[in-house]
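These notes are meant for someone opening the model for the first time. Please read them with the structure in view.

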Amino acid sequence: MFQAVVRSRTPVVRLLSPRTSILETVRERKSRNDPKAKSKAGRIKTPPPVDPVEMVVLKERFTKYTLIMKALRLQFKEEMLRKRYEEETGSLAEERAKQEAEEHRTLMAWNDAENLRLRKIRELRVQKEADAAEERRKEAVVLRQQELESHIAEKEREILQLQEEAKNFITLENLDQQIEEALDNPKNYNFAIDKEGRVVKKTMMQ
């Protein structure tokens, strides 16, 4: 009997245990009318904190990722459409490529000629601007020279005027003569004038 039990693949514990029906409990969901659980009565659900710097970095990376993926999709789509078009058209695609290459060479030649024409116009304009600037510089030099000469002439006139006025200056040699002239010709500056500059009141000298 024990040999039969040992040879069988069923465990001994299961053979010796009484056969009972196994019932699994299933937890059902709450209905709409059920109140909140007592353990969660005062619970306030708050969202997890978000780091602003991390959010900015993630947003920037997500934007770059979106752009890169969009560019890759468009590139793959373009390659797929080009292959399909070449397979469908065959020799027409080759002929069209030759035409496009010829058109490209023509446009490049026209572009080079246009660039050459514009370069000549630009060089002429730059030369004119340089000549005008040189002319303005020469005029400024002449104007400064004239101003300097005018300033020198004015200073010379002032010097001559001072030399003429110096003849009437009071010196040790003519001090007695100037005193006698001042006593012989007294001047009274104690007077009042109106708005037009006329003398309206004058105090007699004592």
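1. Asp176 is exposed because its relative accessible area is 57% (exposed is over 50%, buried under 20%, partly exposed in between, with a 1.4 Å probe and protein chains only). Asp176 is found in helix H5; helices are DSSP runs of H or I with at least four residues, strands are E runs of at least two, and both are numbered from the N terminus. Together with Glu180, Glu181 and Asp184, Asp176 forms a patch of negative charge on the surface. Such a patch takes residues with over 30% relative accessible area and no salt bridge, like charges being joined within 9 Å.

2. This is a predicted model, in which local features need pLDDT of at least 70 and side-chain atom pairs count only at pLDDT 80 or more, while totals for chains, interfaces and linings use all residues. Residues are numbered from 1 along each chain as its sequence is written, and side-chain values use heavy atoms, with hydrogens and water left out.

3. The chain has five helices and two strands, in the order α-α-α-α-α-β-β along the sequence. Of its 206 residues, 2% are buried.

4. Asn174 sits in the loop between helix H4 (91-166) and helix H5 (175-184). Asn174 counts as buried because its relative accessible area is 14%. A polar atom of the Asn174 side chain lies 3.1 Å from the backbone oxygen of Phe169.

5. A patch of positive charge on the surface gathers Lys30, Lys36, Lys40, Arg43 and Lys45. Lys40 belongs to the loop between helix H2 (12-16) and helix H3 (52-89), and is partly exposed at 46% relative accessibility.

6. How many salt bridges does the structure hold? There are 10 salt bridges, each a side-chain nitrogen of Lys or Arg within 4 Å of a carboxyl oxygen of Asp or Glu. One of them joins Arg119 to Glu123 at 4.0 Å, N to O; both residues lie in helix H4, four residues apart. Arg119 is partly exposed at 43%, as is Glu123 at 48%.

7. Arg125 and Glu129 also pair in a salt bridge, at 3.5 Å, N to O. Because these two are four residues apart in helix H4, about one helical turn separates Arg125 from Glu129.

8. Glu134 and Arg137 meet in a salt bridge at 2.4 Å, N to O. Glu134 and Arg137 are three residues apart in helix H4, about one turn. Elsewhere, salt bridges with shared partners link Asp194, Glu196 and Arg198 into one network.

Terms used:
A polar contact is a pair of N or O atoms within 3.5 Å; within protein, one must be able to donate a hydrogen and the other to accept it, and residues adjacent in sequence count only if both atoms are side-chain atoms. Patches are made of residues with over 30% relative accessible area and no salt bridge: like charges are joined within 9 Å, nonpolar side chains (Val, Leu, Ile, Met, Phe, Trp, Tyr) within 5 Å. Accessible areas come from the Shrake-Rupley method with a 1.4 Å probe; for residues, only the protein chains shown count as cover. Lys and Arg count as positive and Asp and Glu as negative; His and the chain ends are not counted. The place of a charge is taken as NZ of Lys, CZ of Arg, CG of Asp or CD of Glu.
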